[in-house]
Amino acid sequence: MSSTGLNASGERLLWLIASLLSFLLLWQVVASIANDVRRFPTPAVVMETVSQLAASGALWTNISTTLVRVILAFFFAMLIGSIIGILLGKFPKADRFFDPWLVLFLNLPAIVTITLCFIWGGLTQTAAVTAVALNKIPSAAVTLREGTRALSRDLNEMAQIYKFGWWKTLRHVTIPQLAPYFAGAARTGLALIWKIVLVVEAFGGNGRGVGYQIFIAFQEFDVSTILAYALAFILIVQIIEFAVLQPLVARVNKWRR
Amino acid sequence: MAAVETVNGGQATPVRVRVKRKIFPAVGAREAQLVLSDVAFDVEPQSFVVLTGPSGCGKSTLLNIIAGLDADYEGEIDLGSGRDRMTYIFQSPRLLPWRTVYENIALALPDDDPRLKNIPDMLARVGLTDAANAYPERLSLGMQRRASLARGFILEPDILLMDEPFVSLDDPTAQSLRQLLIELCQRHPTTVIFVTHDRAEAVQLATRILRLAPGKASVVQDASVKLTTAERSDRSRVLAEQNRIFSAA
């Protein structure tokens, strides 16, 4: 990377730190004015709760439980949503028939899918993961359908002339064209899924998971614990975003001018 | 012309083109349009046939039919002995932007094909050795066209279809690419069907010119080009031959 690139990323880091520090300051000021440690704790109190939860092991147990659900739901939602989207993009007749279904599911409130999954599936891990995945599948399908419609006919003809066959066409022609759509669906998907997972856990948690802990803390009006779990979870999701998704997007785009 | 043998030692047979009718169906307010009607000709093995005419005369449509990309027509195409080794060089280079120049050429061949080892030689011949690991969009259009020629010729084709492969290039670049095409064809003799609206280019490259006219939707002139290889690089000879052929109509 060039020196200007290093300077630019250094500058970005500086802005990030300044921005976060002012947020903490604002929080501190508002908390001091509110002057109610129970209902509006200061950053220091929340950090204290984080370290207590971490020391007892509760933090990691609950976060890992929730993360497993996030990963499972994300994987199935992306897989099934992509397959549906690609098929609808490829076959206009199927698209015309199923499009109203897609609109139906897109507008189905999350709370309805969640309730129904628990009623039909019981308070199980499968029901929880299904409930989360169902909330993401329609939007992943819509994004990938868009990508499939935009596939280049020119490149397909080229693949046909040079006798690529279906596997080579998929790998070298189709998937690279769909990659930006896939990356877009993945990023919005992760943001949506980790929020919905918490609602699902609060609703049908079986004693573990960040959502369930927040639900318990809500009953005890324990704002400090709620914020502690929220902070820890935001941190982990951001790590996934920076360490996994962004490098993946950069890799996929390295051929661009 | 002496009989040409195929790779397998059999007698090479011509490309037979018989297109009775090709219609563009009506779309919205636009009426259905007869594009090709009773187009019939044979292309002898290892001859260089140019299809020419103004834009909209159906020459690219005809080439797509011959290539098998457009199956919606009445008639019959028989590629003859070259049917298994046909390739098409498109007007836009149609390289995969997410694969390097080398990978684009290698992808034209089956995995483990013995011709893969010819790629470095081919890259040298088209002047792209240094660009082998570059992504196509970082190259000029002229270089992308060279890569596209390399991809076509790495297959050692028996039939080569080309659709205006040198348009929108500046004159010296187009001229150097024509020279490259002539060299590649000399090294690997092949039957060429080449579409262009550029009459000078047609005369410079072709052994035979078929002219299509938009109103007729058919071949209106079938002329042999009487130039030796040496005369083809002489601009005044090319111009004289161009006048002879195109004033006859």
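**Reading the model**

Tutor: Strands (E, at least two residues) and helices (H or I, at least four) are DSSP runs, numbered from the N terminus. This is a predicted model, in which local features need pLDDT of at least 70, side-chain atom pairs count only at pLDDT 80 or more, and totals for chains, interfaces and linings use all residues. Residues are numbered from 1 along each chain as its sequence is written, and chains are lettered from A and ligands numbered from 1 in the order in which they are written.

Student: How many bridges join strand E1 of chain B to E2(B)?

Tutor: Strands of a sheet pair through backbone hydrogen bonds, either parallel or antiparallel. Two strands pair here if DSSP finds at least two bridges between them. E1(B), residues 15-24, is joined to E2(B) by 9 bridges and the two run antiparallel; Lys22(B) stands opposite Leu36(B) in E2(B). E1(B) also pairs with E4(B) over 5 bridges, in the antiparallel sense, and Arg16(B) has Asp78(B) of E4(B) as its bridge partner.

Student: What is the strand order of this open sheet?

Tutor: The 3 strands follow the order E2-E1-E4 in chain B, with antiparallel pairing. E2 (33-43) and E4 (74-78) of chain B are the edge strands, each pairing on one side only. Direction ignored, neighbouring strands are turned by 15° against each other on average. H1(B) packs on the sheet, touching E1, E2 and E4 of chain B, and its direction makes about 120° with that of E1(B). Such angles run from 0 to 180 degrees between N-to-C directions, with axes fitted to C-alpha atoms, for helices over the stretch in contact. Contact requires C-beta atoms, placed from the backbone, within 7 Å.

Student: Which residues touch the most other members of the largest nonpolar core?

Tutor: A nonpolar core is a set of buried Ala, Val, Leu, Ile, Met, Phe, Trp, Tyr and Cys residues joined through C-beta atoms within 7 Å. A residue is buried if 20 or more other C-beta atoms lie within 10 Å of its own, exposed if 12 or fewer, and partly exposed in between. The largest core has 67 residues, and those touching the most other members include Val49(B), Phe194(B) and Ile193(B). Helix H1 (residues 59-67) of chain B gives this core its largest share, 5 residues. Not counting residues up to four places away in sequence, Ile193(B) touches Val43(B), Val49(B), Leu51(B), Leu63(B), Ile66(B) and Leu161(B).

Student: Where is Asn35(A) found, and is it buried or exposed?

Tutor: Most residues other than glycine have a negative phi. Asn35(A), however, has a positive phi near 55°. Asn35(A) is found in the loop between H1 and helix H2 (43-56) of chain A, and is exposed, with 8 other C-beta atoms within 10 Å. Glu156(B) likewise has a positive phi, of about 50°, in the loop between helix H4 (141-153) and strand E6 (159-163) of chain B; with 14 C-beta neighbours inside 10 Å, Glu156(B) counts as partly exposed.

Note on methods
Two residues are in contact if their C-beta atoms, placed from the backbone, lie within 7 Å.
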